[in-house]
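Let's take a friendly walk through a protein model. Have a look at the sequence and the 3D view before reading on.

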Amino acid sequence: KHIISSLWRINVLDYIIRMIMAYFSDITLWYETDRDTKSHIVTAGVPQGSVLGPLLWQIMYDDVFAFKYQKK
């Protein structure tokens, strides 16, 4: 949600935003317990180790840092 808002703010092309939205949709974490395999639907964050992760983090937090320094 916040990453997509930041992408809109910096005028990223619509088709790229749609690709990134698809990248975040339907992410399920599967993990093993002592008894069986469980799943959890992921609703936030960027997949760890992803190539896009650092870039998307930077784009989103540019807004946070800019807002912080504009208030002074």
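Predicted model: local features only at pLDDT ≥ 70, side-chain atom pairs only at ≥ 80, totals over all residues.

How many residues apart in helix α3 are Trp57 and Tyr61, and by about how much of the helix are they separated?

Trp57 and Tyr61 sit four residues apart in helix α3, which spans residues 53-70, so about one helical turn separates them.

Searching the whole structure turns up one aromatic pair. Its members are Trp57 and Tyr61, whose rings are stacked, with 4.5 Å from centre to centre and 25° between the planes. The arrangement counts as stacked because the planes are under 30 degrees apart.

## A hairpin of two strands

Now find strand β1 (residues 28-32) and strand β2 (residues 37-41). The two strands run antiparallel and are joined by five bridges. Together, β1 and β2 make a hairpin, with four residues between them.

Finally, turn to the surface. Leu13, Tyr15 and Met19 make a nonpolar patch there of about 340 Å².

Within this group, Met19 belongs to helix α2, which covers residues 14-24. Is Met19 buried or exposed? With a relative accessibility of 51%, Met19 counts as exposed, because the cut-off for that word is over 50%.

Conventions:
Residues numbered from 1 in each chain as written. Heavy atoms only, no water. Phe/Tyr/Trp six-rings, centres within 6.5 Å; stacked < 30°, edge-to-face > 60°. Pairing = 2+ DSSP bridges. Patch = residues over 30% accessible without salt bridge, like charges linked within 9 Å, V, L, I, M, F, W, Y side chains within 5 Å. Areas by Shrake-Rupley, 256 points an atom, 1.4 Å probe, with all protein chains shown as cover. Salt bridge = Lys/Arg side-chain N within 4 Å of Asp/Glu carboxyl O. Buried < 20%, exposed > 50% of the residue type's maximum accessible area, 1.4 Å probe, protein only.
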